[in-house]
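Here is a short briefing to read alongside the structure. Take a look at the fold first, and then we can walk through it topic by topic.

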Amino acid sequence: FFLQRTSTMFKKFDPSEDVSTSTQVKASVQRGIKSQIHASHPNLGEAVLDELLPKKPPLVQYKIGPHLMLYCKQSPDKGGDEPVFFQHRDGPILPTLKFVHTYPKVEFTSVTVDKGAIPFLLGGANVMCPGLTNPGGEMPADDDEKNGLEKGDGVVIYAEGKELPLAVGMMTMSSRDVRKKNKGNGIEVSHFLGDGLWLTEEIQ
C-alpha cells in the first residue's frame, strides 16, 4: 500500500567485490561536488560544507559498476576511506546514512513517512505517495510559485516517531504532484538502514 518495488542499488553491496577503481578527487571537482550538494540541500551553507568536506585530505572517488560513484573521506587513523556521498548517473549527490547520523543537526533536504511505512522502508522498498500524505507524513510546503520539492530532488527520509533517518532517495515526482495524485511511487529509495552500504565502515 505505502511502498513498492525494492531498491537494489546497495542492497547486497560488498566493497571487497563491487568497487572497481579509485581516484583522488581534484580540488576543482571537489568544489563542483560541494556546489551540487548545496543545490540539493540549500540549508547547507559554504561554512558547513567546508567543515563536513574539508579541502585536505581530498575526497576519494570509487567507481561501482558502470553508473555509480561513491565519494569517501580519507581516514588515515582507520587505514581506509569512509563513504560519505554517492551519485547514480546524473542524479543528485546523496549523503550516506552513517554520514547523516554523524551530523544529526545538519539540515539536509528531507521528508517524513508515516509510521506504517517503516517496515517496508527497512526492507528497501520505494516510498509510495500515501506514505508521504497520510497523517504523520511530511514534505516541504508548496506555494503558488514554487514546489517544495521537484522531480529528481534528492531527499533524506525520516519516519514518524524516529529521531534519525532510515533511508535516502530521489523524488520521482514533485511534492505538488505527490499531494495531487496521491498514488504511485513518490520516492525511489537508493540507500536504506541495514543495506550493504550501511554495513560498510570503510573501503580499504
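Asp142 and Arg179 form a salt bridge, with their closest N and O atoms 2.7 Å apart. Please keep in mind that this is a predicted model.

**Salt bridges**

- The count of salt bridges comes to three.
- Asp142 counts as partly exposed, because its relative accessibility is 23%, which falls between the limits of 20% and 50%.
- Arg179 is partly exposed as well, at 36% relative accessibility.
- Lys34 and Asp50 meet through their side chains in another salt bridge, at 2.8 Å from N to O.
- That pair links distant parts of the chain, with Lys34 in helix H2 and Asp50 in helix H3, 16 residues apart.
- Glu201 forms a salt bridge with Lys98, and the closest N and O atoms of the two are 3.5 Å apart.
- Glu201 lies in the segment after strand S11 (185-192) and Lys98 in helix H4, so the bridge joins parts that are 103 residues apart in sequence.
- Glu201 is exposed, with a relative accessible area of 52%, and Lys98 is partly exposed at 23% relative accessibility.

**The five-stranded sheet**

- Five strands make up an open sheet in the order S2-S3-S4-S5-S6, and their pairing is antiparallel.
- Strand S2 (19-24) and strand S6 (94-95) are the edge strands, each pairing on one side only.
- S2 pairs with strand S3 (residues 60-64) in the antiparallel sense over four bridges, and Gln24 has Val60 in S3 as its bridge partner.
- S3 and S4 are antiparallel too, with five bridges between them; here Tyr62 stands opposite Leu70 in S4.
- The hairpin of S3 and S4 has three residues between the strands, and Gly65 takes a positive phi near 65° in this hairpin.
- How many bridges join S4 to S5? Eight bridges join these antiparallel strands, and Cys72 stands opposite Pro83 in S5.
- S4 is largely enclosed by the rest of the structure, because six of its eight residues are buried.

**Nonpolar cores**

- In soluble globular proteins, nonpolar side chains tend to be buried together.
- The largest nonpolar core here has 33 residues, and those with the most contacts inside it are Ile37, Leu70, Phe85, Phe86 and Phe108.
- Two or more residues of this core come from each of H2, H3, S3, strand S4 (68-75), strand S5 (80-88), helix H4 (97-102) and strand S9 (154-159).
- Which element gives the largest share of this core? The largest share is four residues, and it comes from S4.
- Leaving out residues up to four places away in sequence, Leu70 touches Phe13, Val60, Gln61, Tyr62, Ile64, Pro83, Phe85, Phe86, Leu197 and Ile203.
- Another core, of 21 residues, lies apart from the largest one, and Leu121, Met139, Val155 and Val178 are among its members.

**A buried histidine**

- Where does His41 lie? His41 is found in the loop between helix H2 (27-40) and helix H3 (46-52).
- His41 is buried, with a relative accessible area of 0%.
- A polar atom of the His41 side chain lies 2.9 Å from the backbone nitrogen of Thr109.
- Leaving aside neighbours within four places in sequence, His41 is in contact with Ile93, Pro95, Phe108, Thr109 and Gly154.
- One of these contacts, Phe108, is also listed with the residues that have the most contacts inside the largest nonpolar core.

How values were computed
Residues are numbered from 1 along each chain as its sequence is written. This is a predicted model: local features need pLDDT of at least 70, side-chain atom pairs count only at pLDDT 80 or more; totals for chains, interfaces and linings use all residues. Side-chain values use heavy atoms; hydrogens and water are left out. Buried means under 20% relative accessible area, exposed over 50%, partly exposed in between (1.4 Å probe, protein chains only). A polar contact is a pair of N or O atoms within 3.5 Å; within protein, one must be able to donate a hydrogen and the other to accept it, and residues adjacent in sequence count only if both atoms are side-chain atoms. Contact means heavy atoms within 4.5 Å. Two strands pair if DSSP finds at least two bridges between them. A nonpolar core is a set of buried Ala, Val, Leu, Ile, Met, Phe, Trp, Tyr and Cys residues joined through side-chain atoms within 4.5 Å. A salt bridge is a side-chain nitrogen of Lys or Arg within 4 Å of a carboxyl oxygen of Asp or Glu.
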